[in-house]
There are 2 protein chains.
Amino acid sequence: MVLFGKRYLMAPGPTAVPEDVLLEAARPIMHHRTPDFSGILWAVSNDLKKIFKTEQPVYILASSGTGAMEFALVNTCSVGDKVLIVVGGKFGERWFEMARAYGLDTVVYEIEWGSAPLPEEIDRYLKEHPDIKAVFTTLFETSTGTVYDIEAIARCVQESNAILVVDAVSGMAACDLQMDNWGVDVVVASSQKAFMLPPGLSFVAFSEKASKLVGKSDLPSYYFSALDYKKAYFSNTTPYTPAVSLIVQLRKALSVMLEEGIDNVIRRHALLAEATRMGVKAIGLELFSSNPGNVCTAVKIPTGIDGVKLLSRIRDVYKVTISGGQGKLKGKILRIAHLGYAYAFDVVIAISALEMALKDEGYPVELGRGVGAAELILREGK
Amino acid sequence: MVLFGKRYLMAPGPTAVPEDVLLEAARPIMHHRTPDFSGILWAVSNDLKKIFKTEQPVYILASSGTGAMEFALVNTCSVGDKVLIVVGGKFGERWFEMARAYGLDTVVYEIEWGSAPLPEEIDRYLKEHPDIKAVFTTLFETSTGTVYDIEAIARCVQESNAILVVDAVSGMAACDLQMDNWGVDVVVASSQKAFMLPPGLSFVAFSEKASKLVGKSDLPSYYFSALDYKKAYFSNTTPYTPAVSLIVQLRKALSVMLEEGIDNVIRRHALLAEATRMGVKAIGLELFSSNPGNVCTAVKIPTGIDGVKLLSRIRDVYKVTISGGQGKLKGKILRIAHLGYAYAFDVVIAISALEMALKDEGYPVELGRGVGAAELILREGK
């Protein structure tokens, strides 16, 4: 037992935070209505634009990603608005539940969990319902390990009058998302993912088209009212007390990300994901998703193995925190994240723990085979 | 200039965080769906009850205090509900704006800024409008430095059918608030005040009477839906990703507070406030509030002195961050906080900086006189 004394966090959020970003939180607290803090806000706002690939303001909220999703919805929709929602996992469901809570008229494009939406189907829905005001979808459906083709979806939505609202909470900076180039109208992200930060901050940006809707919405909101954030943004401040220690950490994390370069960060995630898939397949396991992506890899629990027990073993014996399935996938899949502060040996550790735990559970696995397959890919990242 | 090289944060939030609480944020990030983190949640939830002086659950939100105010409102009211709102400063105004944003029928008890509401007036409003469903008020109106008599107000409200909702965002643990004993129905607090934590967490508790309203409200909400927090609470978890690093810091801060004892924490604040008032008066300045309290002391800018310039001088030359007036009080008052991680010499520093800055601005002040008067009180706290 003493050999497995170090803990490794490989869940799709919160993710590990680099030591020098952790230490930023230990700095003395700054007051938020000061030129010093305004300077930090200005810097992080500019850096966030580079991550979002947009020229538009990126608002910073003190909330989890769900709060930012609500911010996106309440500021662009009105009661009774017809909206199209792609539901292919827990986070598509969240858009749906939220839209229902606010009395929107929901059209649901339901897809099998683990699959990605077809752009041509979205096109069909938009033509069948020309009064759809907004399309709500997800960059990376974390619950199934599936990436959606936002570029193609945006192309369809742009031909309609609707806006495209994308939950990029887990996907931002792990998967490519070119907000301005692709014409995405609202993008939502959160700190505890590829940003390598603790949870507690979330980010939202609106296109010019979506900005025109802000203030016209009749959905009630106060803490999440975008007009107040917009006004504050242009004075380098925030409408309510911001989470200052997390924003000071954000400055450091963004500087680390931009030193690497946003496209290099995405390429790193792509390579880690590819290596993980190779490792998992070499062990003899199957991927759950038909369109896997860079955030986390969802793996089917093989027949005869108790998924809940396997997960506990990996976490408790090997001290590697990966995730199980959520909702109806509980006990049926494992999800290995390669997200944020993740490098080659993190994949090696995850695959190694999986091999050993499977062997413990009586599954026939040749120890080292998965790791070897991953290494083949990882070496490309030298 | 080099003599004033240390910075002191004496604003009514965010407040300074003790070094050992700062360092807690530098610990490796924990995953939130783990027995270890559930154990921390369990511990802080129990400790929060002691601070709130309640047997009811205290929910922890990832938001600023304004978010928690919205949580209190959307879970207890319905569209068109008649509510009484005490407006005697910026935070009373916030309740009003929020109630209007959600379509409530607002009855406003407006008082002069700097004064406290009269319980008998609240009684009169409740008798005149027996259909009032809720009374919204504030424990400590930070914008004017005024404490409200919540105990007496609660006595009036209990004779009606209404619930009493108290914004104790700045007041909690600095001023006494006995939620259960006094019969307060909803209490809202926030991390960056007497809790000695960075901003980003807020706390809400509901009495049994208020809990019965939760779920019956027809106001839309999702991130702030109390039913989800209640369900999660009893499983030692949270509905959405919690701000884990701030909660780990909360554990430490609560242990520091409870080691001192909640009533000792309040007594400390009372003594610091009293010393500040004595110091300010000895300089020859007047208090702004007719009912000053323990969070911050609001001081009138004397005639002939430019309040904005004085504040800048205290901040920029003497490096002591106190606050000015908000809204219509900008330039008219200074607010010196004695909140959270504040002890005797913090008052000495604040009064000393005020004396020197006033002298710089040409105000006739006998240097040391204010500090001496403060010391008289501070010595009682030996």
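In chain A, 3 strands form an open sheet in the order 11-14-13, with antiparallel pairing. Two strands pair if DSSP finds at least two bridges between them. Helices (H or I, at least four residues) and strands (E, at least two) are DSSP runs, numbered from the N terminus. The edge strands are strand 11 and strand 13 (323-324) of chain A, each of which pairs on one side only. The model is predicted: local features need pLDDT of at least 70, side-chain atom pairs count only at pLDDT 80 or more, and totals for chains, interfaces and linings use all residues. Residues are numbered from 1 along each chain as its sequence is written, while chains are lettered from A and ligands numbered from 1 in the order in which they are written.

Strand 11 of chain A and strand 14 (residues 333-337) of chain A are joined by 5 bridges in the antiparallel sense. Within strand 14 of chain A, A:Arg335 is the residue opposite A:Ala298. Helix 11 of chain A packs on this sheet and touches strand 11 and strand 14 of chain A. The direction of helix 11 makes about 15° with that of strand 11 of chain A. Axes are lines fitted to C-alpha atoms, for helices over the stretch in contact, and angles run from 0 to 180 degrees between N-to-C directions.

Chain A is assigned domain 1 (2-15 + 261-381) and domain 2 (20-260). Such bounds come from an automatic or database domain assignment. Taken over C-alpha atoms, the centres of domain 1 and domain 2 of chain A are 28 Å apart. Contact between them involves 28 residues of domain 1 of chain A and 30 residues of domain 2 of chain A. Two residues are in contact if their C-beta atoms, placed from the backbone, lie within 7 Å. On the side of domain 1 of chain A that touches domain 2, helix 11 (262-283) and strand 11 (296-300) of chain A each supply at least two residues. Helix 11 of chain A gives the most to this side, with 5 residues. By class, this side of domain 1 of chain A holds 13 nonpolar, 14 polar and 1 charged residues. Ala, Val, Leu, Ile, Met, Phe, Trp, Tyr, Cys and Pro count as nonpolar, Asp, Glu, Lys and Arg as charged, and the others, Gly among them, as polar.

Helix packing was then examined. Two packed helices are described by the angle between their axes and the distance between the axes. In chain A, the axes of helix 2 (residues 35-52) and helix 10 (residues 244-260) come within 9 Å and cross at roughly 45°. Helix 2 of chain A is therefore oblique to helix 10 of chain A. Angles under 35 degrees count as roughly parallel, over 145 as roughly antiparallel, 65 to 115 as roughly perpendicular and the rest as oblique. The crossing of these two helices of chain A is left-handed. A crossing is left-handed if the near helix is turned anticlockwise from the far one by less than a right angle, and right-handed if clockwise. Contact residues include A:Phe37, A:Ile40 and A:Leu41 of helix 2 of chain A, and A:Val244, A:Ile247 and A:Val248 of helix 10 of chain A. The contact of helix 2 with helix 10 of chain A has 14 nonpolar, no polar and 3 charged residues.

In chain B, helix 3 and helix 4 pack at an angle of about 50°, and their axes are 11 Å apart. Helix 3 of chain B is therefore oblique to helix 4 of chain B. Their crossing is right-handed. B:Thr66, B:Met69, B:Glu70 and B:Leu73 of helix 3 meet B:Arg94, B:Trp95, B:Met98 and B:Ala99 of helix 4 in chain B.

Helix 13 (residues 344-360) and helix 14 (residues 369-378) of chain B pack at about 165°, with axes 9 Å apart. Helix 13 of chain B is therefore roughly antiparallel to helix 14 of chain B. The contact of these two helices of chain B divides into 8 nonpolar, 2 polar and 1 charged residues.

Between the chains, 43 residues of chain B are in contact with 43 residues of chain A. Helix 1 (19-24), helix 3 (65-74), helix 4 (90-101) and helix 10 (244-260) of chain B each supply at least two residues of the side that touches chain A.
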